[in-house]
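User: I have a model open and want a quick tour. Can you walk me through it?

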Amino acid sequence: MLNTPVALILFNRPDTTERVFRAIAQAKPRKLLVVADGPRPDKPGEAERCAAARAVLERIDWDCELLTNFSDTNLGTKRRVSGGLDWVFDQVEEAIILEDDCLPDPSFFPYCQELLERYRHDTRIAMIHGINKQQGQKRTDYSYYFTRYMHIWGWASWRRAWQHYDVNLALWPEIRDGGLLKGHFDPHAEREHMEVFEQLYRGEIDTWDIQWAFACFIQGGLAIAPAVNLISNLGFGSDATRTLDPFSLDACRQTEALSLPLRHPPYLFRLAAADDFETAYGRSFEARLKRWQIKLRHSLARFGGERRTGARLQPEA
């Protein structure tokens, strides 16, 4: 049994919800908190898909306290997830958080539970996440390292950190006008962050997670990243809310089990080489080449399937 509460955020994908739920069921948390958005009235069939996703919870067959926070109407990503997480951290002091398309390796749960306890009162740490974006490169001999990047595809945190979250970014004008982000990122990343924070402040982007990164940045918080990747995002595709690109380097990234017991680093400072790689990799020739290879494999698989079925070839969209 897993003593740490688990929060599951779901919407309209019963298929991926089922897979993530099965992973949670393996861990058998004593407390499961579920946040769900309601259907959009202009999307035919979505009410049925939302209901089917929620019905997955009827399969709980272990000793578990189930708490639900369901919306009858569609609130959208920004309001539903931020409000749902406010509710989660009103109920519990700490939680492991999964969205309905983030499939964890089984070792993700003991990894989060142990580190939530170890760093519970260490305000230098804002969160623990399950994503490793180092493209298979070994960065440490320990089980995890410290980073300034906050990834929310499978993560865990505490009420003490979430209290700094503000979905409306009220502090942004003071941060912006005071030049307080200067030197925190390289010039290219700084410009990108400035633009996105400004758009969020003006209400032009319907999201919640960048505000969480902002809250961690301005408190000087670090995240913990695993030495291997523990989360596979199943949600990339045309039916996604945000992760639309099926050729993304992050789509269905392979997972690897983290060896237990954990090996803890005897120091606490961020691993600059890992952060620098993550900053630069998305703009690199290697990343562009890898993306092209993914598209080529997809096209060849599609072409082969159509030849076998005798279907007429269609041009790529």
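User: Let's start with Tyr119. Is Tyr119 buried or exposed?
Analyst: Tyr119 is buried, at 6% relative accessibility. Buried means under 20% relative accessible area, exposed means over 50%, and partly exposed lies in between, with a 1.4 Å probe and protein chains only. Keep in mind that this is a predicted model: local features need pLDDT of at least 70, side-chain atom pairs count only at pLDDT 80 or more, and totals for chains, interfaces and linings use all residues. Residues are numbered from 1 along each chain as its sequence is written, and side-chain values use heavy atoms, with hydrogens and water left out.

User: How many aromatic pairs are there?
Analyst: The structure holds 16 aromatic pairs. In one of them, the ring centres of Tyr119 and Tyr144 are 6.3 Å apart and the planes stand at 90°, so this pair is edge-to-face. Tyr119 sits in the loop between α4 and β6 and Tyr144 in strand β7, so the pair ties together parts 25 residues apart in sequence. The cut-offs: rings of Phe, Tyr and Trp (its six-membered ring) pair if their centres lie within 6.5 Å; planes under 30 degrees apart are stacked, over 60 edge-to-face, and the rest tilted. Helices (H or I, at least four residues) and strands (E, at least two) are DSSP runs, numbered from the N terminus.

User: And Tyr144, buried or exposed?
Analyst: Buried, with Tyr144 at 1% relative accessibility.

User: Which residues form the aromatic cluster?
Analyst: Phe89, Trp155, Trp162, Tyr165, Trp208 and Trp212 form one cluster.

User: Back to the strands. What is the strand order in the sheet?
Analyst: The open sheet has 8 strands in the order β3-β2-β1-β4-β8-β6-β9-β7, with mixed pairing. Its edge strands are β3 (65-70) and β7 (144-147), and each pairs on one side only. From one strand to the next, the twist averages 25°. Two strands pair if DSSP finds at least two bridges between them.

User: What does β7 pair with?
Analyst: β7 is joined to β9 (residues 222-226) by 4 bridges, and the two run antiparallel. Tyr144 stands opposite Pro226 in β9.

User: Which helix packs on the sheet there?
Analyst: Helix α4 (residues 108-118) packs on the sheet and touches several strands, among them β7 and β9. The direction of α4 makes about 150° with that of β4 (94-99). Axes are lines fitted to C-alpha atoms, for helices over the stretch in contact, and angles run from 0 to 180 degrees between N-to-C directions. Contact means heavy atoms within 4.5 Å.

User: How do β1 and β2 pair?
Analyst: In the parallel sense, over 5 bridges. The bridge partner of Val6 in β2 is Leu32. β2 is mostly covered, with 5 of its 6 residues buried.

User: Now α2. Which of its residues are buried?
Analyst: Glu46, Cys50, Ala53 and Arg54 are the buried residues of α2 (residues 46-55). Seen down the axis of α2, they fall within an arc of 95°, so they line one face of the helix. That arc is taken from the directions from the helix axis to the C-beta atoms. What covers them includes β1, α1 (14-27), β2 (31-36) and β3.

User: New topic: charges. How many salt bridges?
Analyst: The count comes to 15. A salt bridge here is a side-chain nitrogen of Lys or Arg within 4 Å of a carboxyl oxygen of Asp or Glu.

User: Which residues are linked in a network?
Analyst: Arg176, Asp177, Glu198, Arg202 and Glu204 are linked by salt bridges. Glu198 pairs with Arg176, with the closest N and O atoms 2.8 Å apart. Glu198 lies in helix α7 (residues 187-201) and Arg176 in helix α6 (residues 172-177), so this pair ties together parts 22 residues apart in sequence. Glu198 also meets Arg202, at 3.3 Å from N to O. Arg176 bridges to Asp177 too, with closest N and O atoms 2.8 Å apart.

User: How accessible are Glu198 and Asp177?
Analyst: Glu198 counts as buried, at 18% relative accessibility. Asp177 is exposed, at 61%.

User: Where is Lys28, and what is its phi?
Analyst: Lys28 is in the loop between α1 and β2. Its phi is near 55°, a positive value in a residue other than glycine. Lys28 is partly exposed, at 35% relative accessibility.
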